[in-house]
Amino acid sequence: MGSLVRPLLHPALKEGPHLRLDFHTHGKLAKKLPFSAVYTDWLFGEARRAGLDALCLTEHFNTLHFDQLYGHLASVSRRLGDTLELPNGLRIFPGMETDVAEGGHILSIGPLEAILELNRRLEPHREKGQFLPFASLMDLFDQYPVLVGCGHPYRPGGHVPQQQLQRLDFLDLNGKDLAMDPDRARTLTCGLGQQLGIPVVSGSDTHQAMQYGCVTTVFEHSCDSLSALKAEMAAGRDEICLSDSAAVQVRAACLIKRSLKEIHALGGDYVSVLIRGAGA
């Protein structure tokens, strides 16, 4: 296994068929807002323009219209290995982010059919007070061909039991946490990965496109299957790349997200406001 504590580098173009991947993203502005195909299409267009080759769509498991989001993506993409490839070339690894009773968030990545079936099976556990314990959720995931990771393991409110964490495939060095306190996020998350022998990768936690590219994981080889992705992670053939502007990107994205949610709450069309502003 390669080095688990990867350097934080500044993004740079590499020669050859590398893969610039974001492990933790969302396809909606917020989980309580209705699905918008226009917003999602715009979002993934921005991901491509930000230099991403692929992303893991770790949408909240209890988001409104989870099935509609994936149904739309399936209708506008082609299957390429375990990914959905959009017309702009962006590859999407289907996934979701699941709350557990202990307070943490667990990321799962897998074939579209597996993610949709898991989401249906988790329907009785979508509300706070009904979330599955971590061990029970892992028992469920063990029945499917998915990669499983812990999202932002040291964010306040997360209490995933460490004695169970060796069941995971990866840890998420999260863009929001890096933007707030990069030294703490890196030291704690990479230290835990080294302690457990689990690869550490990076995710931006994007809900709003300004955040794309704040942190990415660049693999030496391109891949579109879960088995190949797992092998690249295990071998340590990747670098975590942190943008110089990560803190500004995250703060701006959070501000825009709050503003757009307020437009929606006041009865406005936040999507048309956003798209008009983007084209100005």
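Tutor: Let's start with Asp53, which is buried, at a relative accessible area of 17% (buried means under 20%, exposed over 50%, partly exposed in between, with a 1.4 Å probe and protein chains only). This is a predicted model, where local features need pLDDT of at least 70, side-chain atom pairs count only at pLDDT 80 or more, and totals for chains, interfaces and linings use all residues. Residues are numbered from 1 along each chain as its sequence is written, and side-chain values use heavy atoms, with hydrogens and water left out.

Student: Which residue's backbone nitrogen does the side chain of Asp53 reach?

Tutor: Asp53 touches several residues beyond four places away in sequence, including His18, Gly89 and Arg91 (a contact means heavy atoms within 4.5 Å). At 2.7 Å from the side chain of Asp53 lies the backbone nitrogen of Arg20.

Student: Where do the buried residues of α6 sit around the axis, and why?

Tutor: The buried residues of α6 are Ala185, Thr189, Cys190, Leu192, Gly193 and Leu196. An α-helix has 3.6 residues a turn, so residues three or four places apart point the same way.

Student: Which exposed residues are on the face turned away from the buried side of α6?

Tutor: The buried residues pack against β9, α5 and β10. Turned away from that buried side is a face with the exposed residues Asp183, Thr187, Gln194 and Gln195.

Note on methods: Helix = DSSP H or I, 4+ residues; strand = E, 2+ residues; numbered from the N terminus. Polar contact = N/O pair within 3.5 Å; in protein donor to acceptor, adjacent residues only side chain to side chain.
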